[in-house]
Amino acid sequence: MPPTFSMCWGAKNDEGSASIDIETRGRMVKRFFVIIVIAGYFGAFILLTTGLGYHWYSTKKAPHQPMAFPHTVHVGKLKIACHFCHFYADKSRHAGVPYVETCMVCHSAIATDKPEIQKLARYYEEKRPIEWNQVYVVPDHVYFSHKRHVKAKVNCSSCHGDVGTMEKIRKVRSLDMGWCVSCHREKGAPLDCATCHK
Ligand code: HEC
Ligand code: HEC
Ligand code: HEC
Ligand code: HEC
Ligand code: HEC
């Protein structure tokens, strides 16, 4: 006879009678708690690992930055053109991050009482560049160039999403080879290996 749930609980003895003595009841209660503890232990373990995993995953998508720069304010509200800050996007492989001087065009006068702007002013006075952590990175063996894409009128948002809604920039595309190749196929852009692997 295959073991059944009721056997496991000892609810029925071999004769099929439902009478339970004190000792069996004690064992039942103990077994019940052992099951609860084991289930709780594994439950907590699973919660913890998914929690940590998600934290790791999301920080990988949005790394820590030295200053809380909001695209929501500058792009979403003020509608400053990307090129004003990402000056090299149509000129070079790299779009580039803005010089502190570019920020100070406005922030020598705007929001000077805010802590983040005072931080910005210190970089400016000490002539130190802000070391932003790059969010989008392709491996060294891959050749990518902004200039070609911008000239071909591929929108920033097809690769970086709607940054005007992002308080903090996070990675919205995988940047894997399949992603590059499928757009190239769709747009009739070059597909030979040497295009992206020099
Ligand atoms: C064209 C003008 C302009 C430029 C250029 C500019 N900002 Fe701003 N920035 C603003 C305005 C306007 C606000 C909103 C200020 C407010 O809420 O009082 C703002 C807000 C901010 C805030 C939020 C301040 C807070 O705590 O509320 C930060 C941080 C900031 N800017 C950093 C920068 C950095 C870094 C740069 C350069 C990469 C930069 N800004 C370039 C106009 C500008
Ligand atoms: C006022 C200046 C300013 C404007 C305007 C601006 N950006 Fe930025 N952008 C920054 C700064 C500063 C950083 C670096 C900090 C960060 O990652 O948030 C940055 C970072 C980024 C990054 C992440 C780059 C990486 O991999 O680290 C992307 C993508 C980006 N911007 C896209 C855009 C697009 C698209 C627009 C126009 C719709 C735009 N930005 C407009 C200042 C600006
Ligand atoms: C075809 C996809 C694509 C388009 C379109 C695109 N980007 Fe990028 N962007 C990337 C990739 C891929 C990287 C990582 C490049 C690397 O590691 O060299 C990147 C990196 C960046 C960076 C950080 C590193 C750097 O190059 O300075 C910024 C800032 C940025 N992009 C802004 C922009 C802006 C602004 C636009 C529009 C004018 C734009 N991008 C259009 C794919 C794109
Ligand atoms: C949203 C569409 C899109 C995505 C995503 C995209 N590309 Fe492109 N790419 C294009 C288009 C369109 C062109 C053609 C530009 C032209 O005709 O000059 C192009 C051209 C290029 C070129 C220049 C080709 C040449 O002949 O010199 C390189 C290099 C390149 N892409 C690399 C990449 C890499 C690497 C990725 C992924 C990280 C990528 N692209 C993702 C649309 C895309
Ligand atoms: C449009 C751009 C593009 C083209 C065309 C392209 N690749 Fe790639 N390739 C990438 C990018 C981006 C990566 C890095 C991301 C990844 O590993 O998926 C990559 C990664 C690779 C890798 C490393 C994979 C790994 O696991 O590290 C190999 C091998 C490779 N490509 C071979 C090829 C061959 C062979 C061709 C021609 C049939 C080709 N690629 C065409 C963009 C391209």
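A crossing of two helices is called left-handed if the near helix is turned anticlockwise from the far one by less than a right angle, and right-handed if it is turned clockwise. The legends below refer to a predicted model.

**Figure 1. Helices α5 and α6 cross in a left-handed sense.** Two packed helices are described by the angle between their axes and the distance between the axes. Here the axes of α5 and α6 come within 10 Å, and they cross at roughly 130°. Angles of 65 to 115 degrees count as roughly perpendicular and those over 145 as roughly antiparallel, and α5 and α6 are therefore oblique to each other.

**Figure 2. The contact of α5 with α6, residue by residue.** From α5, the contact uses Val100, Cys103, Met104 and His107. The partners from α6 are Ile117, Leu120, Tyr123 and Tyr124. Sorted by class, 7 residues of this contact are nonpolar and 1 is polar, while none is charged.

**Figure 3. Ligand 1 and the residues around it.** The shell holds 21 residues, of which Cys103, Cys106, Ala111, Lys114 and Glu116 come nearest to ligand 1. Helices α3 (71-77), α5 (100-107) and α6 (115-125) each supply at least two residues. The most come from α5, which gives 5 residues. The shell around ligand 1 has 16 nonpolar residues, 3 polar ones and 2 charged ones.

**Figure 4. Ligand 3 and the residues around it.** Around ligand 3 there are 21 residues, and those that come nearest are His86, His94, Ala95, Cys156 and Cys159. Two or more residues of the shell come from each of α7 (146-151) and α8 (156-160). Helix α8 gives the most, with 4 residues. By class, 13 residues of the shell around ligand 3 are nonpolar and 8 are polar, and no charged residue is present.

**Figure 5. Ligand 5 and the residues around it.** Of the 14 residues in this shell, Asp176, Met177, Cys180, Cys193 and Cys196 come nearest to ligand 5. The elements that give two or more residues are α9 (177-187) and α10 (193-196). Helix α9 has the largest share of the shell, at 4 residues. The residues around ligand 5 divide into 10 nonpolar, 3 polar and 1 charged.

Methods:
Residues are numbered from 1 along each chain as its sequence is written. Chains are lettered from A and ligands numbered from 1 in the order in which they are written. This is a predicted model: local features need pLDDT of at least 70, side-chain atom pairs count only at pLDDT 80 or more; totals for chains, interfaces and linings use all residues. A residue is near a molecule or strand if its C-beta atom, placed from the backbone, lies within 6 Å of it. Ala, Val, Leu, Ile, Met, Phe, Trp, Tyr, Cys and Pro count as nonpolar, Asp, Glu, Lys and Arg as charged, and the others, Gly among them, as polar. Axes are lines fitted to C-alpha atoms, for helices over the stretch in contact, and angles run from 0 to 180 degrees between N-to-C directions. Angles under 35 degrees count as roughly parallel, over 145 as roughly antiparallel, 65 to 115 as roughly perpendicular and the rest as oblique. Two residues are in contact if their C-beta atoms, placed from the backbone, lie within 7 Å.
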